[in-house]
Amino acid sequence: MKFKFKQQLYQTEATNALVEVFRGQTKGHRKETTSREGLFVEEIFSNKKIELTDQEILNNVQELQKTQGIPVNKQLQGLDFSVEMETGTGKTYVYTKSMFELNKQYGWNKFIIMVPSIAIREGVHKSLEITAEHFQEIYGKKIRFSIYDTKNKSNLVNIKSFAQTSNIEVLIMNHQAFATKSKESRKIYQKLDVIQSERPIDIIKRARPILIIDEPQRFGDKAEKMLDEFNPLFVTRYSATHKKEKEFNKIHRLDAIDAYNQKLVKKIKVKGIEVKENTGTNGFLFLDRIQISKKSYPTAILEFEVKQKNGIKKILRKVAEKDDLFPLSGELSQYKGYVIKEINGLTNTVAFTNGVILSLGQTIGDVDEKHIRRIQIRETIKSHIEKERNLYHKGIKVLSLFFIDEVAKYRTYDENGNHLAGQAEYEKIFEEEYEQALCQRELLSDEYNAYLDKLNVRKTHNGYFSIDKKGKFIDSSEARGEGSNDVDAYDLIMKQKEVLLSFSEPTRFIFSHSALREGWDNPNIFQICTLKHSQSTISKRQEIGRGLRICVNNKGERMDQEYLDNEFFEINTLTVVASESYESFATDLQKEILDSLSGRPTKLTADLFKDRKLTNVQGETFVFDENSSMDLIFAFKMKGYIDQDYKITEKLLEDIETKSLEISPELQPFTRELTEILLKVHETNTYKSSEDGNVDNIFERELKPNENFAKKEFQDLWKKIKIKTVYDVDFETEELIKKSIEAIDRNLEVRQVSVRITEGSQNEALSEEELKSGEALKKTSQQIQKTESILGATKYDLIASIATGSNVTRKTATAMLRGINIEKFNQFRMNPEHFIQEVIRIVNEQKAATLINNITYHKTDHSYDDEVFTINNFQGSLKENILEASKHIYDYVKTDSKVERTFTKDLEAGEVLVYAKLPSGFKIPTPVGNYNPDWAIVFDTAQVKYIYFIAETKGSMSTMQLKKSEKLKIDYARKHFEALGSADIKYDVISTYEDLRQKVLK
């Protein structure tokens, strides 16, 4: 299986940020002859020097910062630039793409990727391997990359090639290779025979490499100081957690909140296990789960001790209210008085008549560490099977990862080195709990059961550790938190990355040494369990970071929001099985994330807006100055939009949701952009980093509609909307050409290239001191001019570039370029790269607009059948996202947000006869992907009987806040419902129940 990559907008934006830093730089490279012997000439290819002044670079950086709301630099902090990207969002992909773009735009081709550990080094090497074909398809070339490893002579030879070719050359280097006192580290400064008695550092210096620092916060002061030894053209740093004092010239931010809200990483669930002390009893009790159903009273799954013929044993048993644990335990005295008084599904607790209250995931009584580990393994297996039964049919392999500190707890060997199967503590516990979990398979599908039957318990788990010469697993050493230096162990992990995603590979549960944690970045890790004492030096974010990446199916396709629509977080959820309480883990995790939100404001102040640049979809701009910033804050205070502490109030959120935000006339064209800033500030204050994985107390294998579905009024609505449609597009190429020409003539503005001209002259008299100090020549003048770029030897296939970027034919691209105003076309010579980029952008905008105006929907003879309303594996929490309902076509409503939860409660209390939250299987086809409306509602009011309404609730994501693709889907949906021809069906986007009511009764 091969991973399939595609270009993601958020990754392109991060790439473009670095490219824009050097806007105005001309393209080229530098070549010099270093030696000549007869016909043999040795040449060095190096990165062309930066032509821009510091002020020009600072201006570019400030423009990026103003647009993104990053604190604006007063001065340039050297040629050192920081990019913040949340773990799991593909920063390696971004800086790889950046190398290609810097080469394409400016001709730069020498790069060094510096990393803090061997694990990350091996991961970067693997990433460059598996993305090579993808990037070749985009750029028509490949990167030549190698690891700098002084222990490997062939890798040292690569240093020569690094400097001697015009290819895009990349060295991958961990900082221990040059910044420690070790013998290997010193080799970079020594003359080596293998490279003709040259010092590696000298060869690297001559190439003027661009340094890419991965996880710079983990570089020590010594490594930082030695970066200048490489004579870099500039330095760029990529991390989710930059050190504040070393976050130089920040040019892009994609932090934890942005990544989560844009659905670029998995949701986190936590299963916490808490030992409750001072219970006044020695009897062991563990509350595993609470089960709720409309058909019966709540029940609980408790683990407690039971007297059996061969001794006392801990067992799991379903219990109900009024059950007495004393007789159930075989009359063990410690359970006297333990009669169940209440099982509460809302608070997820079990109360006993003796006053003891037990919460989910909590244990009381004598609990040894071994049993805590057993519970962790059991809960991991349970989460795995719950996840796997949902994803097996979608072709998504589920993996669970256990981290341990001692190999001996998972594998034991006899004196001859033979594995003693099932003898080690964790191996034995795992196999016992796995077999026990498979005894309860009545809710699993026949197909999934058949898959499980094929898997031998011994083969479904495996270990990934360091291996000795006899092939035995051994513990990995860890040097001061830097991870293991065992290349062989990482090589095994990397090579198995794709293999583990195949259903033909039986391994589903992975045991690995905690020192190897950085090596694991498999996207299909859905459970992480740490079977060790938590270390204060290891953050919660480090522990979960191995599982945050979006999963892939068995075809290598990324299961992102574009692919999954509303199912994204149902699929992409990581469960962490912690050896502490949920509250403790979640609190620490949230604090770490909030602490990492560099530059994210929590209050609305004038400083937040000052110098902020807003650009709307029409290309118009507005930049806040000191006065307009203060005016906005003063107006917000007067309207009650912010409180005395400058925090956002509910009134502001309500006005955003109802599209009644009151702002000055000059800001009204930028309402959408301003609202995005306001919501980001609100998100910072209300961010919730994780959910309790134990509280999914509603589970229905098949949730089917209730008697409301059969009501005549709903059936009348369903008959009208279940008809399927198809669309066709009467796409006139001439119309696109005409509109594109008009738009280019109207909107194209190409940036001119800036050139610095500096003059100087020799002093009237020379002295040795002046020559030594460099003062023998004095600068006399300097000026910066705007001029046309000198194309020189650089050739551009303008038509091919426009045709490829906008996905039109060469003939169409030619017609567009021929038709535009000659003055606009002449801007090509001012800055070819920017000309091409802007023309492509304008043409693509016109394509989208032309498509929406020329699409037609037609009814077909096909329609959805009632089976679309059967929801498989329906689960959730009454406390978090499930509401019991009486007017809904199901007994429960699952809500995705606070807005939906409020809206549902209002539907239940309002003038509604029956309603349905439409299932995800009900989709309307559109050119930008399938669209699933939210609600189908039948009203019964005093004024009008039986109004049929299809509603899309957006809450704070009101129309002005929608992404372009979402807005287009809604516009296409309007055309779909018009094509159905039912005048009594209304379709609209609403934000609240009151908004809906006004539209119904108007």
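Visitor: Okay, to start: how many helices and strands are there in the protein chain?

Guide: The protein chain has 33 helices and 40 strands. Keep in mind that this is a predicted model.

Visitor: And what share of the residues counts as buried?

Guide: Of the 1002 residues, 55% count as buried. The accessible surface comes to about 45,500 Å², and 47% of that belongs to carbon and sulfur atoms.

Visitor: What about contacts, how much comes from residues 24 or more positions apart?

Guide: Among contacts with a separation of 6 or more, such pairs account for 71%.

Visitor: Let's talk charges. How many salt bridges does the structure hold?

Guide: There are 51 salt bridges. One of them joins the side chains of E133 and K2, at 2.9 Å from N to O. That pair links distant parts of the chain: E133 is in helix α4, K2 is in the segment before α1, and they are 131 residues apart.

Visitor: Is K2 buried or exposed?

Guide: K2 is exposed, because its relative accessible area is 54%. E133 is partly exposed at 44%.

Visitor: Which residues are linked in a network of salt bridges?

Guide: That would be E303, R374, R378, E432 and E433. Within it, the side chains of E432 and R374 meet at 2.8 Å, N to O. E432 sits in helix α12 and R374 in helix α11, 58 residues apart.

Visitor: Why does R374 count as buried?

Guide: Its relative accessibility is 18%, and the cut-off for buried is under 20%. E432 has 36%, so E432 counts as partly exposed.

Visitor: And R378, what does R378 touch?

Guide: Leaving out residues up to four places away in sequence, R378 touches F286, D288, E303, L316 and E433. R378 is in helix α11 and counts as buried, with 8% relative accessibility.

Visitor: Switching to the surface: which residues form the negative patch?

Guide: D607, D625, E626, D631 and E666 form a negative surface patch. E626 lies in helix α20 and is partly exposed, with a relative accessible area of 47%.

Visitor: Which residues make the nonpolar patch?

Guide: Y727, V729 and F731 make a nonpolar surface patch of about 210 Å². F731 is in the loop between β30 and α24, and at 31% relative accessibility F731 counts as partly exposed.

Visitor: Now helix α23. Is α23 mostly covered or mostly open?

Guide: Mostly covered: seven of its 10 residues are buried. Those include F714, L717, W718 and I721, along with E713 and D716. Q715 is buried too, at 19% relative accessibility, and is in contact with F709 and A710, its neighbours within four places in sequence aside.

Visitor: Last one: how far apart are E833 and T26 in space?

Guide: They are 9.7 Å apart, C-alpha to C-alpha, although 807 residues separate them in sequence. E833 is in helix α30 and is buried, with a relative accessible area of 16%. E833 touches K27, Q105 and Y796, not counting residues up to four places away in sequence.

Note on methods:
Residues are numbered from 1 along each chain as its sequence is written. This is a predicted model: local features need pLDDT of at least 70, side-chain atom pairs count only at pLDDT 80 or more; totals for chains, interfaces and linings use all residues. Side-chain values use heavy atoms; hydrogens and water are left out. Patches are made of residues with over 30% relative accessible area and no salt bridge: like charges are joined within 9 Å, nonpolar side chains (Val, Leu, Ile, Met, Phe, Trp, Tyr) within 5 Å. Accessible areas come from the Shrake-Rupley method with a 1.4 Å probe; for residues, only the protein chains shown count as cover. A salt bridge is a side-chain nitrogen of Lys or Arg within 4 Å of a carboxyl oxygen of Asp or Glu. Lys and Arg count as positive and Asp and Glu as negative; His and the chain ends are not counted. The place of a charge is taken as NZ of Lys, CZ of Arg, CG of Asp or CD of Glu. Helices (H or I, at least four residues) and strands (E, at least two) are DSSP runs, numbered from the N terminus. Buried means under 20% relative accessible area, exposed over 50%, partly exposed in between (1.4 Å probe, protein chains only). Contact means heavy atoms within 4.5 Å.
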